[in-house]
Amino acid sequence: MSAATTRSRTPDRLCAEAVDLARAAAEEAAAPGVVGEHTGLLSEGDRVVTHYFAAKELGYRGWRWAVTVARASRAKVVTVDEAVLLPGPDAVLAPEWVPWSERLRPGDMGPGDLLPTDAEDLRLEPGWSGEDEPPPNSAISHEMADLVEAEDAEITGGPPAELPAVPARGTIAALAEELGLRRARVLSRYGLHLAADRWADSFGADTPMAQAAPASCATCGFLTPIGGSLGQAFGVCANEYSPADGRVVSLSYGCGGHSEAAVMPATPQPPPPVIDETRVDPFPLGPPQDTGSVPEQQDAETAELGHS
């Protein structure tokens with residue numbers, strides 16, 4: 001360890017004793033009455049010391065005023081370099097700023113909100129523009145581009161040549177229009193995979209509802225098929241009693257509202273009564289005589305007359 005490093009860790013005596021000078025600088029930079037007690041000092045280098053004072057200003061819990069003082073070599077006068085308000089180890093800080101595009105979560109949009117889409121969004125790729133050369137990453141292959149060039153050939157004589165324009169039916173443009181490729185941008189393969197993973201997490205085979213279902217959505221009559229490549233693995237649920245009504249569900253998903261499992265159970269019938277014919281149960285015709293509240297008493301006169 002060099003001598004310069006040793007000296008830098010040892011606070012300069014004159015700079016360390018300049019607590020009043022540092023406090024005056026902090027009170028000049030801060031509002032009146034917000035500079036608290038001296039909490040410590042730190043050696044920043046040769047003849048450079050930072051004094052810390054507690055900040056009593058509301059809303060700045062754990063912050064402290066840092067005043068750095070220094071003196072020149074062989075000088076006896078200590079001067080102030082800077083006075084700033086800095087957070088301490090236990091300071092209350094605002095959360096780190098996050099761009100709005102990263103803070104946005106599904107379901108945050110409301111009526112009237114606009115969500116601009118980045119021009120370099122990886123979920124999208126250019127659609128078919130109708131030009132001779134397909135754009136990069138287009139769904140139209142180079143073989144299809146050759147067919148487009150073939151369509152621009154001269155039309156031979158006959159009734160079709162007398163038409164003002166080439167019929168659109170059967171052309172590449174008509175096919176692209178039917179497939180939805182005439183849009184400026186379409187879903188890329190990356191965007192398709194993201195959507196498929198998101199839908200499978202919400203309504204897929206690994207959900208608790210699907211694990212307890214009697215059958216999968218692939219055999220349910222309430223499943224509405226969708227087009228495109230996603231139609232091979234997903235559909236739309238049309239059962240109003242299902243938790244996935246109106247949602248895109250995986251074909252391996254399922255719930256208790258399956259069309260083939262909606263059978264009303266039969267009404268349970270009570271068991272027939274059991275009669276024991278091996279014994280006789282006595283059934284008295286009147287109540288027992290010792291059940292009244294007044295004990296039964298008979299005298300000799302009433303007994304001879306036959307009165308009860």
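**Close-up 1. Pairing of β1 with β2 in the predicted model.** Strand β1 runs alongside strand β2, which covers residues 48-55, and the two pair in the antiparallel sense over seven bridges. Within this pairing, Gly40 stands opposite Tyr52, a residue of β2.

**Close-up 2. The open sheet of four strands.** In the order β1-β2-β3-β4, four strands make up an open sheet whose pairing is antiparallel. The edges are formed by β1, residues 35-45, and β4, residues 79-87, each of which pairs on one side only. Direction ignored, neighbouring strands of this sheet are turned against each other by 20° on average.

**Close-up 3. Helix α3 on the sheet.** Helix α3, made of residues 19-29, packs on the sheet and touches β1, β2, β3 (63-70) and β4. The direction of α3 makes about 115° with that of β1.

**Close-up 4. The largest pocket and its lining.** The volume of the largest pocket is about 780 Å³, and 23 residues line this pocket, with Ser101, Leu104, Leu115, Asp121 and Arg123 lying nearest its centre. Two or more residues of the lining come from each of the elements α4 (100-103) and α7 (189-202), and α7 gives the most, with five residues. By residue type, the lining of the largest pocket divides into twelve nonpolar, four polar and seven charged residues.

Notes:
Residues numbered from 1 in each chain as written. Predicted model: local features only at pLDDT ≥ 70, side-chain atom pairs only at ≥ 80, totals over all residues. Heavy atoms only, no water. Pairing = 2+ DSSP bridges. Axes fitted to C-alpha atoms, helices over the stretch in contact; angles between N-to-C directions. Contact = heavy atoms within 4.5 Å. 1 Å grid on protein atoms, 1.4 Å probe; cavity = no way out; pocket = protein on both sides within 12 Å on 5 of 7 lines; lining within 4 Å. Points joined across faces, edges and corners; volume = space filled by probe spheres on them. Nonpolar A, V, L, I, M, F, W, Y, C, P; charged D, E, K, R; others polar.
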